[in-house]
Amino acid sequence: MKILPHDPAPTAAAPAVPASAPLGRKSGAPGRRMPARPSAPMPGAAPIPWPVAPALLAGGPSPADGPAAALRAGLARGEIGVHYQPVVRLADRRPVMVEALARWNGPGSPVSPDTFVPLAERNGLGRCLSVSVAGTAAADMGRHWPRLRLGVSINLPLAQLLQPDLQSWLRRALGRRGLGPRQVALELTETTPVLDLAELHRALLRLRRAGYRVLLDDVALGDGRTRLHRLPFSGLKLDRSMVERLPFEAHGRQEVRRLVQAAEARGQAVIAEGVSDGRIWAALCDLGVHYAQGFAVSRPLPAAALPGWWAGWRGGRVQ
């Protein structure tokens with residue numbers, strides 16, 4: 001199974017354990033048209049976050065003074081950065097893409113994505129946040145594409161995935177930065193229930209025709225979203241809460257095996273999140289899961305650290 005069109009066929013059977021990795025956490029969301037990116041930093045310097053155009057910020061509701069106003073100001077000042085968590089193929093440990101995760105480094109202490117992402121969506125700033133993440137990710141990963149050949153996935157809530165101008169602002173965000181739709185996957189987050197399956201089905205087909213792959217994020221047993229699995233998603237991402245229990249729960253392993261078999265019959269890939277140690281890695285290999293993401297692979301990293309991680313990944317092991 002392939003998560004992105006450029007993902008080459010595996011060349012070896014999956015090893016018993018993956019390479020070693022530091023710790024980290026996941027969270028994030030993406031976006032639309034951007035102003036010109038600031039000048040590139042000097043080698044070794046941290047990348048400059050991409051600020052959102054003031055005109056775009058002015059287009060939504062004006063949050064009152066408080067956290068939403070601070071987030072609006074942070075978006076305008078370019079305080080939203082992006083870290084990247086690698087995804088590797090279990091069969092041969094080959095890195096295939098990274099997930100773009102938003103980070104807010106304000107004038108005080110950093111704010112957790114679990115706090116500011118829902119804050120953005122509640123206050124009409126979700127699209128602005130998506131714009132910032134998508135533009136930064138396209139620029140960062142476009143620079144690394146010639147050497148690393150890593151695609152990037154971007155989180156989108158349902159409302160943005162259904163918008164008719166989604167492809168338009170994604171095209172502007174990608175611009176001429178070395179990435180095209182075939183190097184970009186979109187992850188549908190679970191923040192909003194799907195009420196109209198036909199509408200979502202049409203949106204997925206539009207995006208597929210344009211070259212984008214769409215993944216269903218945070219899939220868990222008994223989550224009430226089984227009906228979505230049959231839609232034309234390119235892949236399903238297993239939630240970490242389920243993945244972490246697989247070495248210890250026979251029923252969970254049985255259900256995941258069934259899920260993988262059904263996904264393969266539909267031409268979908270299965271990606272496991274929360275892969276934190278060798279026991280989980282081995283269980284996933286036995287169950288036929290295709291890709292792994294989590295602390296056993298890498299914590300979320302700034303773009304500048306990806307080449308170093310890539311160089312060290314192939315020879316490491318996890319305990």
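This is a predicted model: local features need pLDDT of at least 70, side-chain atom pairs count only at pLDDT 80 or more; totals for chains, interfaces and linings use all residues.
How are the rings of Trp309 and Trp313 arranged? Their centres lie 5.8 Å apart and their planes meet at 25 degrees. Planes under 30 degrees apart count as stacked, so this pair is stacked. The count of aromatic pairs comes to three. Trp281 joins in as well: ring pairs link Trp281, Trp309 and Trp313 into a cluster.

Now look at what else sits by Trp313. The charged end of Arg93 is placed over the ring of Trp313, 4.4 Å from the ring's centre. You'll find Arg93 in the loop between strand E1 (80-89) and strand E2 (95-104). Is Arg93 buried or exposed? Arg93 is buried, with a relative accessible area of 9%.

Arg93 has another feature to check, this time in its backbone. Most residues other than glycine have a negative phi. Arg93 is not a glycine, yet its phi is positive, at about 65 degrees. Asp218 also has a positive phi, near 60 degrees, and is likewise a residue other than glycine. Asp218 lies in strand E5, residues 213-219. Asp218 counts as buried, with a relative accessible area of 15%.

Time to zoom out to the whole chain. The chain holds 11 helices and eight strands. Of its 319 residues, 53% are buried. The chain exposes about 13,500 Å², and carbon and sulfur atoms supply 55% of that area. Take the contacts between residues at least 6 apart in sequence: 75% of them join residues at least 24 apart.

What about the inside? In soluble globular proteins, nonpolar side chains tend to be buried together. In this model, the largest nonpolar core has 80 residues. Which residues have the most contacts inside that core? They are Tyr84, Leu161, Leu186, Leu200, Leu238 and Val289. Helix H4 (residues 126-148) gives the most to this core, contributing nine residues. Apart from that core lies another one, made of nine residues, including Ile3, Met97, Ala185 and Ala269.

Setting aside its neighbours within four places in sequence, Val289 is in contact with Leu90, Leu238, Val256, Val260, Val270, Ala272 and Leu284. One of these, Leu238, is also on the list of residues with the most contacts inside the largest core.

Find Gln167 in helix H6. Gln167 is partly exposed, with a relative accessible area of 23%. Leaving out residues up to four places away in sequence, Gln167 touches Arg206, Leu207, Ala210 and Tyr212. Gln167 and Tyr212 are 45 residues apart along the chain, while their C-alpha atoms are separated by 9.3 Å.

Next, move to Arg177, in the loop between helix H6 (166-174) and strand E4 (184-188). Arg177 is partly exposed, at 26% relative accessible area. Going from C-alpha to C-alpha, Arg177 and Gly142 are 5.1 Å apart in space, although 35 residues separate them in sequence.

Last stop: the cysteines. How many disulfides does a search of the whole structure find? The search finds zero. Cys128 counts as buried, at 4% relative accessibility, whereas Cys285 counts as partly exposed, at 25%.

Key. Residues are numbered from 1 along each chain as its sequence is written. Side-chain values use heavy atoms; hydrogens and water are left out. Rings of Phe, Tyr and Trp (its six-membered ring) pair if their centres lie within 6.5 Å; planes under 30 degrees apart count as stacked, over 60 as edge-to-face and the rest as tilted. A charge sits over a ring if NZ of Lys or CZ of Arg is within 6 Å of the ring centre and within 35 degrees of the ring normal. A nonpolar core is a set of buried Ala, Val, Leu, Ile, Met, Phe, Trp, Tyr and Cys residues joined through side-chain atoms within 4.5 Å. Buried means under 20% relative accessible area, exposed over 50%, partly exposed in between (1.4 Å probe, protein chains only). Helices (H or I, at least four residues) and strands (E, at least two) are DSSP runs, numbered from the N terminus. Contact means heavy atoms within 4.5 Å. Accessible areas come from the Shrake-Rupley method with a 1.4 Å probe; for residues, only the protein chains shown count as cover. A disulfide is a pair of cysteine sulfur atoms within 2.5 Å.
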